[in-house]
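Okay, thanks for making time, everyone.

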Amino acid sequence: MRVLRSLAADPGRWRYGYELGAETGLKAGSLYPILVRLADRGLLDASWEDSPPHGRPARHLYRLTADGLELAAAPAPARATSAGSASPSAVRSPQLGGA
Amino acid sequence: MAGLEPRLLAALTRLMPPSRRSWGQALAAELGHTPRRRDRVQLVLAATRVALLPPAGLGDYARAAVRASLLAVVACIPLVAGLYLTNVAYPERQDNTVAVLLGNGYLAATLILVGTLARRGTARPGAPAVAGIVAGLVVAVIALAAFAVIDNAFLSVVSHQQGKIDGFRASGMTSMRGYIDASLRATAPGLALELAVAGALLGSLGSVFSPRPARSR
């Protein structure tokens with residue numbers, strides 16, 4: 001839930017994984033599987049940055065989808081139910097390439 | 001060693017299903033922005049966990065089954081090591097009661113843990129039992145394969161076990177290897193059924209120990 005809260009704090013802004021890790025206190029080994037699950041459930045959009053610094057590879061950026069924002073705003077019991085048992089029809093791949 | 005993490009990440013990315021490889025590429029890109037070795041190791045750990053995540057779109061039961069299979073494979077490592085130690089490295093003519101009890105206790109604890117984790121992963125009521133059945137079957141297959149390898153590769157050692165000597169005499173067969181292989185084939189269905197039933201029961205029991213009905217993040 002820390003990840004959802006952190007992303008929901010500034011919902012319009014694309015965030016780096018490193019930044020999310022620093023905000024939530026989660027190490028990368030824990031953070032990225034959570035991001036993957038959120039994206040699988042259609043709660044998170046992922047995109048590649050458009051103009052990376054010279055000589056550096058483009059990085060992934062993340063922000064909540066409308067469903068993710070709705071979930072982050074929902075009361076805790078509703079969040080647990082929705083995040084824990086999303087139906088297969090609600091699952092989709094991360095949105096890559098298009099910001 | 002400086003280039004180890006990129007190579008590991010590339011290998012892990014290749015192991016990911018196609019729908020997940022962009023995550024491996026994203027983690028590799030983060031390496032370029034991560035100077036500290038400790039953080040780079042975390043990125044490799046993240047890629048390992050992403051590679052092991054069940055594919056998106058799997059139903060809750062399938063997801064529980066995939067997790068149970070992975071856990072069973074890992075749990076079999078000490079089990080197979082134990083089979084090697086008790087049958088080859090430190091062989092005894094009779095079964096060692098303590099080793100048998102330890103092995104069965106370890107197996108029971110594994111199946112209970114599988115049920116506990118399945119309950120944490122989904123609220124579906126039958127998931128712990130399904131996970132237990134799958135884990136039991138995986139353990140049965142690996143244990144039978146281990147016995148087949150040990151019995152054939154170390155025939156000169158295992159053929160001194162009293163149980164095998166008695167069984168061989170009673171079988172009327174002319175080859176100890178043939179007898180052992182026939183015994184394994186005859187044992188396989190019963191062992192698989194036994195472990196599947198044990199998995200269903202112990203997996204269901206394990207669900208009792210889960211502190212929450214479903215993962216909430």
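Let's start with helix H8 of chain B, residues 162-171, which is hardly covered: of its 10 residues, the number that count as buried is zero. Buried here means 20 or more other C-beta atoms within 10 Å of the residue's own, exposed means 12 or fewer, and partly exposed is in between, with C-beta atoms placed from the backbone. Helices are DSSP runs of H or I with at least four residues, strands are runs of E with at least two, and both are numbered from the N terminus.

Quick housekeeping. This is a predicted model, where local features need pLDDT of at least 70 and side-chain atom pairs count only at pLDDT 80 or more, while totals for chains, interfaces and linings use all residues. Residues are numbered from 1 along each chain as its sequence is written, and chains are lettered from A and ligands numbered from 1 in the order in which they are written.

As for confidence, the model scores ipTM 0.76 and pTM 0.58. Chain B has an average pLDDT (the predictor's confidence in each residue, from 0 to 100) of 88, and 95% of its residues score at least 70.

Of its 217 residues, 34% count as buried.

Now look at H4 (residues 60-89) and H6 (residues 127-153), both in chain B: their axes come within 7 Å and cross at roughly 30°. That angle makes H4(B) roughly parallel to H6(B), since anything under 35 degrees counts as roughly parallel, over 145 as roughly antiparallel, 65 to 115 as roughly perpendicular and the rest as oblique. The contact residues split into 25 nonpolar, two polar and two charged. On H6 of chain B you'll find B:Phe147, which counts as buried because it has 20 C-beta neighbours inside 10 Å.

Definitions and conventions:
Axes fitted to C-alpha atoms, helices over the stretch in contact; angles between N-to-C directions. Nonpolar A, V, L, I, M, F, W, Y, C, P; charged D, E, K, R; others polar.
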